[in-house]
Amino acid sequence: MDFKLSTEQEMIRALCRNFSKNEIMPIAEELDATGQFPYEVWKKMGDLGICGIPFPEECGGGGLDWLSMIIAIEEISRGDASLGTSLVDSVTLPMNLLCTLGTEDQKKKWLMPLATGEKIGAFGLTEAQAGSDTSAIRTRAVLKDEEWVINGTKQFITNAGLKHNSLVIIAAVTGEEERGRKKVSNFIVPTGVGGYNFGQKYNKMGYRSSETRELIFDDCHIPKENILGNPDKGISQFLMALQTSRIGFAAHSVGLAQAIFDVSLSYAREREQFGRAISKFQAVQFKLADMAMEVELARLMVYKAAWQKDQGQNYFAASTFAKLFASETAKRCADRGVQIHGGYGLMDEYPISRYWREVKFEEILDGTSEIQRSNIAKRVLKL
Ligand SMILES: Cc1cc2nc3c(=O)[nH]c(=O)nc-3n(C[C@H](O)[C@H](O)[C@H](O)COP(=O)(O)OP(=O)(O)OC[C@H]3O[C@@H](n4cnc5c(N)ncnc54)[C@H](O)[C@@H]3O)c2cc1C
């Protein structure tokens, strides 16, 4: 067993860590306060090749592996979880689907500008009645005169409506299979096409500079060729992408948990009570020790899942374990971190209070903890 990262992976880590420290962390507080997406930072990430790491060079990517991408997501999220979530949602879902299923023309037209960071992608599965139960989607697509006509509403869609958002890949019902199950296909819907409108940006308690919106499709016409991959396999296609995004979100949680550990450690060293730094008290030391151990364990689980994906192995179990454990690790770390900060941890001036708001998202987005546990239980019980 070899735990050593490759030279490229180490370089990606160093690049993203420096970028995060110098360009993202200093403005994270301001981004949270203003709720403005940092276009300039995204552009720089694109110029550095961060947005397209695992995609082929001919598609504008870096031609590296998914583990490298996962390391980049961890480091960017360590700087700002809000920006990290935009990265996860663009890379692991729409870009991943385009790369895996797209025709050469689709890759050139749609994937390339996403991989270079010129544009940002979105993925629309969730609807009002279809959250954890993705089979309940109602958005429909009907083929009429060589065009798909889409009607329905998606909700909670990240990155949609940003000024450089070029597309959303949506799942829509196209018919019924023999046993009455819905037939679902995935479609590339370009921003700006007639009949496709955005709702107002949601006002969220965290990830405030990553935009999340409702999408309304009202007789939205898109070209016939905007269907993605095999039209009969829409469900397994988006489930495949969700497996990758689970590793992405798990890496995101590790980055956030690491940031929480970092600020808690430095606060514990600086803050004095009873004439000494609070880091001298065993009760505080044990919290830091547990945080350090759990962050490292979560990181190993995430890297293993990414490695299995890169090896072409089945990574369903590894990605589910990683998502569940890493998100709950971030939550536990935030709890301990606020406790270490005492009353100051409840004040907006300290980043720990923002982290506290943000960690709750980790347990809900991209499959709640309950859904991850159910999936693990089904496996171990062979249900
Ligand atoms: C900020 C944000 C960004 C998002 N971005 C996107 C995006 O880009 N694209 C997209 O498609 N979606 C996106 N989502 C949707 C997100 O993935 C869903 O919110 C999530 O999957 C949960 O669905 P829900 O909110 O409808 O909760 P529900 O499914 O209504 O769940 C409510 C509660 O019931 C529990 N529950 C439900 N079913 C079961 C069950 N079978 N067993 C046990 N417990 C159960 C859940 O665990 C949860 O505790 C985003 C959401 C948010 C908040």
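**Exercise 1. How far apart are the centres of domain 1 and domain 2, taken over C-alpha atoms?**

*Solution.* The centres of domain 1 and domain 2 are separated by 23 Å, taken over C-alpha atoms. The domain assignment places domain 1 at 7-118 and domain 2 at 123-235, with domain 3 at 237-380; such bounds come from an automatic or database assignment. Before going on, note that this is a predicted model, where local features need pLDDT of at least 70, side-chain atom pairs count only at pLDDT 80 or more, and totals for chains, interfaces and linings use all residues. Residues are numbered from 1 along each chain as its sequence is written, and side-chain values use heavy atoms, with hydrogens and water left out.

**Exercise 2. Describe the interface of domain 1 and domain 2.**

*Solution.* Start with contacts (heavy atoms within 4.5 Å): 25 residues of domain 1 touch 21 residues of domain 2. Next, take the buried area, meaning the accessible area (1.4 Å probe) that two parts lose on being put together, summed over both. Between domain 1 and domain 2 this is about 2100 Å², and carbon and sulfur atoms give 63% of that area.

**Exercise 3. Which residues come nearest to the ligand?**

*Solution.* Count the residues around the ligand, those with a heavy atom within 4 Å. There are 20, and Thr126, Ser132, Phe156, Thr368 and Glu370 come nearest. Now look at side-chain N or O atoms: one in Ser132 is 2.6 Å from an oxygen atom of the ligand. For Glu370, the distance to a ligand oxygen atom is 2.8 Å. Finally, Thr158 has such an atom 2.8 Å from a nitrogen atom of the ligand.

Terms used. Near = heavy atom within 4 Å. Polar contact = N/O pair within 3.5 Å; in protein donor to acceptor, adjacent residues only side chain to side chain.
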